[in-house]
Each structure stands twice: as C-alpha cells, then as structure tokens.
Amino acid sequence: MRKFERISFKQFKKDVCDSRELYDKIELPSRSTKNSAGYDIRSIENVIIKPGESKAIKTGVKVSMNSDEVLYIFDRSSLGFKYDICLSNSVGVIDSDFYNNPDNEGHFQVKLINHGKNDFEVHIGDRIAQGVFMKYLVVDDEKEIESTRKGGIGSTNKEGK
C-alpha cells in the first residue's frame, strides 16, 4: 500500500524542533490535479538559499510503498524555469525499505541548489519538489540479496542482515 505519513513527533523533535504547532501543520504530499503524476512535497521550514549554495529542506514526511516500487523526487518545473533552482542530486530515489528505518523513520528531505543570481526564499508550506511513484524491474538471473537497510541516507553501504 502506498501512503505518505507524518514522521512521529518524537522524530520531529529530533530532526526539526519541539513545536507541536508546526508539527500539526505538516501537509502530506498531494496531487494538484486529477491527472498529475507528481505529489507536491512541501517545506516545513523557512530557508534562504543564496546563489551557489545548496540546502537540505525538511519535509516532516515519510512514505510507505510496495516492495517493487520506488518514489522518485523531481524538481518542480517552475522553480527551474523561474528561479534557476533544482535538486542538488538531480533526481532523488526513495526505496521502499527507507520507510521506518532505525536512523530517521524514513524522514526524507529535499536538497535544493540555487544556480540563480538572487537569494531564493523557501517558506513553510511552499511546494519544493514533486514525488512520482514507479514500479521497477530487476534482472532475472540476479543472485539472492539477503542484506537489509540498517539506516537512513547513505545506509546501503552499511552491513545488515
């Protein structure tokens, strides 16, 4: 089952702050029109990104999906066209086993880079990226993989069983 959820308030306090009011304002990603492929992802913090600078922006959100699916995080077209803002890693990849990992519960962030000439302001509630669910395929002759995710970002290099 595919769904977005808020991270727990305990994780929110660890990653963001201890404001219950801000936590209650977290908007889960949603589609803007009935034929939209992407789910708009929103910021839960105010951030200024100076020209040439990149910043990770917290979302307060985690995502659950089927084991043969991935959530790709893409730029919002308007940010690139209007402001020269894009994702620092081009496309974000959130695997199904990132959900509820022991490091951060699967709290995903969006890292934006400013290629423009002016400061770019992000406000709480601003749409900063879009997520698209897709199924993926694996090769038929793949050896069985027994390792499991042990943590958050960059954890696929960690040993796990």
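A: Let's start with Y83, which is partly exposed, with a relative accessible area of 42%. Keep in mind that this is a predicted model. F120, on the other hand, is buried, at a relative accessible area of 11%; the cut-off for buried is under 20%.

Now for the pairs themselves. The structure has 8 aromatic pairs. One of them is F4 with F133: the ring centres sit 5.6 Å apart and the planes meet at 50 degrees, so this pair counts as tilted. F4 belongs to strand β1 (residues 3–6) and F133 to strand β10 (residues 127–135), so the pair links distant parts of the chain, 129 residues apart. Both F4 and F133 are buried.

Back to Y83 and F120, then. Their ring centres are 5.3 Å apart with the planes at 50 degrees, so they make a tilted pair. Y83 is in helix α3 (residues 77–83) while F120 is in strand β9 (residues 120–122), so this pair ties together parts that lie 37 residues apart in sequence.

There's also a group to look for: F4, Y39 and F133 form one aromatic cluster.

R6 lies over the face of Y23, 5.4 Å from the ring centre. R20 lies over the face of F9, at 4.7 Å from the ring centre.

Methods
Residues numbered from 1 in each chain as written. Predicted model: local features only at pLDDT ≥ 70, side-chain atom pairs only at ≥ 80, totals over all residues. Heavy atoms only, no water. Phe/Tyr/Trp six-rings, centres within 6.5 Å; stacked < 30°, edge-to-face > 60°. Helix = DSSP H or I, 4+ residues; strand = E, 2+ residues; numbered from the N terminus. Buried < 20%, exposed > 50% of the residue type's maximum accessible area, 1.4 Å probe, protein only. Lys NZ or Arg CZ within 6 Å of the ring centre and 35° of its normal.
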